[in-house]
Amino acid sequence: MHSEFLTVGGQKMSKSLENIYRLEELMDRGYDPLAFRYLALQTHYRMKANFTWDALDGAARALARLRHIVREWPTPEGPGCAEHERIFFEAMRDDLNTPQALAELWATAEDGTIPTVDRAQTICAFDRVLWLGLESAIGQ
């Protein structure tokens, strides 16, 4: 979901400029479609988003790193992380502030003071909103 303009390399995306990419093209180039979702979530939906291959590479690396982090975690159990969840859902209620929600996702993933079973529970709750495929990566 993005309602502001999407630019490609700083230019307006348009057929006449031949700078329109379809998801199938990204997949043909070896990108996980969820890497594009991650890229889109990094920009608030009311702001212009700029698509570049470097930005997509960065999003793909970030998503792979998140998956790598949670891959070692046990099955989600426990109460979760109430404070991280509060911040995340507050960001989502604040006009779908997905960049802030992603920041809280990372804060949760990297918070070594909380047991991984609790962080896994919370990351799963976040993933049910963001749909980044993290829930299925836990314990892989």
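Analyst: Start with contact: it means heavy atoms within 4.5 Å. By that rule, asparagine 19 touches Val8, Gln11, Lys12, Met13 and Ser14, not counting residues up to four places away in sequence. This is a predicted model: local features need pLDDT of at least 70, side-chain atom pairs count only at pLDDT 80 or more, and totals for chains, interfaces and linings use all residues. Residues are numbered from 1 along each chain as its sequence is written, and side-chain values use heavy atoms, with hydrogens and water left out.

User: Where is asparagine 19 placed? Is asparagine 19 buried or exposed?

Analyst: Asparagine 19 sits in the loop between strand E2 (11-12) and helix H1 (23-28). Helices (H or I, at least four residues) and strands (E, at least two) are DSSP runs, numbered from the N terminus. Buried means under 20% relative accessible area, exposed over 50%, partly exposed in between (1.4 Å probe, protein chains only). Asparagine 19 has 6% relative accessibility, so it counts as buried. Its side chain reaches the backbone oxygen of lysine 12 at 3.0 Å.

User: In what order do the elements of the chain run?

Analyst: From the N terminus on, they run β-β-α-α-β-α-α-α-α. That comes to six helices and three strands. Buried residues make up 37% of the 140 residues in the chain.

User: How do the axes of H4 and H5 cross?

Analyst: Axes are lines fitted to C-alpha atoms, for helices over the stretch in contact, and angles run from 0 to 180 degrees between N-to-C directions. The axes of H4 (residues 82-93) and H5 (residues 98-109) come within 8 Å and cross at roughly 165 degrees. Angles under 35 degrees count as roughly parallel, over 145 as roughly antiparallel, 65 to 115 as roughly perpendicular and the rest as oblique. H4 and H5 are therefore roughly antiparallel to each other. On the H4 side, the contact is made by His84, Ile87, Phe88, Ala91 and Met92. H5 brings Thr98, Gln100, Ala101, Glu104, Ala107 and Thr108.

User: What is phi in aspartate 95 and leucine 96?

Analyst: Here is the general idea. Most residues other than glycine have a negative phi. Aspartate 95 has a positive phi, near 55 degrees. Leucine 96 has a positive phi of about 50 degrees, although it is not a glycine. Aspartate 95 has a relative accessible area of 30%, so it is partly exposed. Leucine 96, at 32%, is partly exposed too.

Conventions
Polar contact = N/O pair within 3.5 Å; in protein donor to acceptor, adjacent residues only side chain to side chain.
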